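Have a look at it with me, and I will jot down what I looked up as I go.

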Amino acid sequence: MAINCTILASSYYRTTRTIGAPIREVKPALVACSASRQRLNVSQCLNSAFNPLIYHEDLVNDELYVRRTQKMMDVRHMLKTGGEDRLKDLRLVDAIQRLGIDHHCQEEIEALIWRQHVSAKCCFDQSEGLHEVSLCFRLLRQEGYYVPPDVFNNFKDEKGKFMASSGKVNVRALMELYEAAQLSIEGEDILDDAAEFSSQLLNALLKYLDEDNAALVKNTLKHPYRKSMYKFKANNFMGSEVEGINGWENCLLELSNADFYMAQGIHRQELLQITKWWKDLGLARELKQARDQPLKWYTWPMAMLNDLRLSDERVELTKSISFIYIIDDIFDLYGKPEELTLFAEAVNRWDLAAVDQLPDYMKKCFRALYDTTNEAGIKIHKKHGFNPTKFLRKTWASLCNAFLVESRWFRSGSRDQPMADEYLKNGKVSSGVHVVLEHVFFLLGFGATNEGPIDLSDASAIISSVAAMLRLWDDLGSAKDEDQNGHDGSYIDYYMKEHQGVTLDIAREHVFKQISEEWKRLNKECLRLNRFSSSFQRASLNLARMVPLMYSYDDNQRLLDLDEFVKSRLYD
């Protein structure tokens, strides 16, 4: 299918040693593709091999580049010259972050948030309103500063309950309180109360709001900033939150639009690289029943690593993700028990000779995994001075071992079935999240020296929480992935067997509560880790945010939110 589009591809300076260093821009090139007017079916692309587009270089768009650079400087100037109006400064930072243009001015944002941290007592004294306190609380915690939840005590009555204003209800303040409550950690009952209070009152107010404000409230309740792909919702935010406020909207919108078109061109070119690599690899020809979805696999890194400079990292990460899916299908659909045991042993030994007695498709898969992983290690060594191949080998071995455990459970029928917690412990590994985030860890340059800001063990709790979220979402039972008919298991099934008399609705409610608890643990870890590891934290958070998009099937087995996300990032 030919697709009607005009895109912007860019070449740009990419840092090689320092994560978060300022971007040095070069001029983007305008690229166009020939067109038909047929409508793109994204669901079809996600669930089948993507047919890459053909691009042709065109002229350099000097005007766009100059305008983008000027707007970037204007935004930095606004952040540097703030300070007279605290709420205005906070809302400016919030707008920049929600629009996904904060990478242009991270140093200025960090400096402004640090000033807010230093003057936190002023932010949270009794004279400040709920809106300002909630916004300041959220922004400080997002940047890694711990703020105690008792700053909200001023808004509770003598019985310890949050108070509804006796005057005009401030909908914006309630929305911001709800947003702040998403940053809670374990044991913070006051933030749980804040979330319940604000959500109930906002839902009750919906019938009194005009159409635009009602839509904004619904979007906030369904997609709170902390737990959602904010770039996915940027258009809603710009239209409803920033327009007409302090004269920001034109500057922020122009910079956001320029970034969008630049990112769109870069992502399309990366997708071309991925589809060519996948086609040349030839595994799709060997494994007819296995998933053949390079677009869907690429969607994970596209969301996780949204710094435009990380193009090579997105491509390498997509390669690794493709093997998670393919090896999963080998264990689920293809391999005989004895073959799967030998395959897992070969990966553990990292020995090409160990697969000599296995079917050709297993040999080719292991050879491709072996070569791709070793090549990734060499590339990381060239860029960061550290070869992590021995660590990457171990993570692939642990994944295959977890797949092997599951295959034995599922093939044993009613015999030798795990308890729900045992299944979840193994399922966190078989989710593949540790493979993804350990690759991200090394691709971003961590572990290069003993003086690095964090080491891999520091990230283990983050990895565990994100993995639990993915496994639990996957096991909610809303779909059979891509209509495959292999062996499978479900945390809900094991939980209901373990707790006789529990209904499906109660079991699902239990799962959603567990996901909420994992978010609290993830929030805690993001506060604990050294703030210099913010790039890894952002990738981990974005992975967690993508999970609902990847696993929220409708009644017709479609991923409508994922479709919309892909359209918004690649084709709109």
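**Entry 1: a loop to begin with**

Where does Gln557 lie? I found Gln557 in the loop between H23 and H24. Before going on, I noted that this is a predicted model, in which local features need pLDDT of at least 70 and side-chain atom pairs count only at pLDDT 80 or more, while totals for chains, interfaces and linings use all residues. Residues are numbered from 1 along each chain as its sequence is written, and side-chain values use heavy atoms, with hydrogens and water left out.

My helices and strands are DSSP runs, numbered from the N terminus (H or I for helices, at least four residues; E for strands, at least two). For cover I use relative accessible area with a 1.4 Å probe and protein chains only: buried is under 20%, exposed is over 50%, and partly exposed is in between. Gln557 is partly exposed, because its relative accessible area is 34%. Its phi is near 60 degrees, a positive value in a residue other than glycine. I reminded myself that most residues other than glycine have a negative phi.

Asp554 is found in the loop between helix H23 (534–551) and helix H24 (560–571). Asp554 has a relative accessible area of 19%, so it counts as buried. I also looked for a polar contact (N or O atoms within 3.5 Å; within protein, one able to donate a hydrogen and the other to accept it, and residues adjacent in sequence counting only if both atoms are side-chain atoms). A polar atom of the Asp554 side chain lies 2.9 Å from the backbone nitrogen of Asn556.

**Entry 2: the whole chain**

I stepped back and found 24 helices and 3 strands. The chain has 572 residues, and 56% of them count as buried. I call it a contact when heavy atoms are within 4.5 Å. Of the contacts in the chain with a separation of 6 or more, 75% are between residues 24 or more positions apart.

**Entry 3: the cores**

A nonpolar core here is a set of buried Ala, Val, Leu, Ile, Met, Phe, Trp, Tyr and Cys residues joined through side-chain atoms within 4.5 Å. Which residues touch the most other members of the largest nonpolar core? They are Trp300, Ile327, Phe343 and Trp396, in a core of 103 residues. I followed Phe343: leaving out residues up to four places away in sequence, its partners are Ile327, Phe331, Leu358, Met362, Cys365, Phe366 and Cys400. A second, separate core has 52 residues, including Val171, Met175, Leu202 and Val217.

**Entry 4: a covered helix**

Just after H19, Gly445 takes a positive phi of about 95 degrees.

**Entry 5: rings**

I paired rings of Phe, Tyr and Trp (its six-membered ring) if their centres lie within 6.5 Å, calling planes under 30 degrees apart stacked, over 60 edge-to-face and the rest tilted. The count comes to 25 aromatic pairs. Trp297 and Tyr325 have ring centres 5.9 Å apart and planes at 35 degrees, so their pair is tilted. Trp297 is in helix H13 (residues 294–304) and Tyr325 in helix H14 (residues 311–334), so the pair ties together parts 28 residues apart in sequence. Trp297 and Tyr325 are buried.

Tyr491 and Tyr495 make a stacked pair, 6.0 Å centre to centre with 25 degrees between the planes. Both lie in helix H21 (residues 491–498), 4 residues apart, about one turn of the helix. Tyr491 counts as buried because its relative accessibility is 2%.

**Entry 6: two last stops**

Trp350 has a positive phi of about 55 degrees although it is not a glycine. I placed Trp350 in the loop between helix H15 (337–349) and helix H16 (360–384). Its relative accessibility is 8%, so Trp350 counts as buried.

His223 is found in the loop between helix H9 (211–222) and helix H10 (234–242). How far apart are His223 and Arg545 in space, C-alpha to C-alpha? I read 9.8 Å, for residues 322 apart in sequence.
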